[in-house]
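Here are a few friendly notes to read alongside the model. Please keep the picture open and look up each residue as you go.

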Amino acid sequence: MKEEYYKTKDSVEEYIRLAKEVNGGELIEKFKEFLPSDSTLLEIGTGPGTDWNILNKDYKVTGSDNSNEFLKHLISSYPSGRFLDLDAVTLNTDEKYNGIYSNKVMHHLKDSELKNSIKRQHDILKSGGIICHSFWKGEGSEIFKGLFVNYHTKKSLRDFFEDYFEILLIMNYTEFEEADSLLLIGKKK
């Protein structure tokens with residue numbers, strides 16, 4: 001994700017203002033059905049930390065982002081938290097986790113990048129590890145505020161993930177408009 005939107009102080013402050021009422025609480029409740037409490041968890045694309053804060057109540061969460069501005073915000077807002085500078089594609093860490101979570105992050109990856117990220121997620125998950133990712137539903141891609149957005153269908157997500165993960169759940173949900181989003185939960189094969 002080489003776009004600049006999340007890299008500047010102004011854009012990060014704007015995003016935090018715009019997203020202050022949005023959180024993945026509903027998604028996290030679904031995730032909790034599959035990942036036991038106290039599990040180790042990597043959040044990809046922690047952003048302002050809204051979901052990290054919810055996840056941190058039940059899990060041993062390591063947040064991550066590839067934006068120095070978001071990382072500064074996270075460290076300042078959650079001084080006892082653990083945060084890594086990670087790219088969603090390479091996930092360059094030697095640590096292993098019981099779970100991986102992202103909320104509307106993986107859709108910024110081109111198809112080849114998503115394939116690489118999925119393989120890397122498989123590598124850094126412990127045996128039987130659980131993933132939980134949300135995506136914008138649709139077809140094609142676009143540039144929005146200078147950021148690449150890749151839309152997905154249930155079929156495209158199955159095609160991307162099923163070589164590495166047993167699909168436990170793919171469901172539509174509503175973020176802004178009826179059934180505009182998809183939630184995928186899978187278990188490492």
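1. A word on terms comes first: helices (H or I, at least four residues) and strands (E, at least two) are DSSP runs, numbered from the N terminus. What you see is a predicted model, where local features need pLDDT of at least 70 and side-chain atom pairs count only at pLDDT 80 or more, while totals for chains, interfaces and linings use all residues. Residues are numbered from 1 along each chain as its sequence is written, and side-chain values use heavy atoms, with hydrogens and water left out.

2. Let us begin with the whole chain. The protein chain has 6 helices and 9 strands, and its C-alpha trace spans about 40 × 35 × 30 Å along the principal axes. A compact globule of 189 residues would have a radius of gyration near 16 Å, and the 15 Å of the protein chain agrees with that. This radius is taken over C-alpha atoms, and the globule rule is 2.2 Å times the number of residues to the power 0.38.

3. Next, burial and contacts. Buried means under 20% relative accessible area, exposed over 50%, and partly exposed in between (1.4 Å probe, protein chains only). By that rule, 50% of the 189 residues are buried. Contact means heavy atoms within 4.5 Å. Of the contacts between residues at least 6 apart in sequence, 62% join residues at least 24 apart.

4. Which of its residues are buried? They are Gly25, Leu27, Ile28 and Phe31. These residues lie on the same side of helix 2, because they cover an arc of only 155 degrees around the axis. (The arc is that of the directions from the helix axis to the C-beta atoms.) Their packing partners include strand 1 (40–43), helix 3 (50–55) and strand 4 (97–103).

5. Is Glu26 buried or exposed? It counts as exposed, at 51% relative accessibility. Setting aside residues up to four places away in sequence, Glu26 touches Met171 and Tyr173. Glu43 is 17 residues from Glu26 in sequence, and their C-alpha atoms are 16 Å apart in space.

6. Now compare helix 6 (residues 154–161), whose buried residues are Ser156, Leu157, Phe160 and Phe161. They share the same side of helix 6, because their arc around the axis is only 120 degrees. They pack against helix 5 (111–124), strand 5 (125–136), strand 8 (165–173) and strand 9 (181–188).

7. His152 lies in the loop between strand 7 (147–150) and helix 6. With a relative accessible area of 1%, His152 is buried. Leaving aside neighbours within four places in sequence, the residues in contact with His152 include Asp111, Leu114, Phe135, Trp136, Leu157 and Phe160.

8. Asp38, in the loop between helix 2 and strand 1, has a positive phi of about 70 degrees although it is not a glycine. Lys104, in the loop between strand 4 and helix 5, is also not a glycine and has a positive phi, near 55 degrees. Asp38 counts as exposed at 53% relative accessibility, whereas Lys104 counts as buried at 11%.

9. Finally, find Lys119 in helix 5. Lys119 is partly exposed, with a relative accessible area of 40%. Its C-alpha atom is 27 Å from that of Ile54, which is 65 residues away along the chain.
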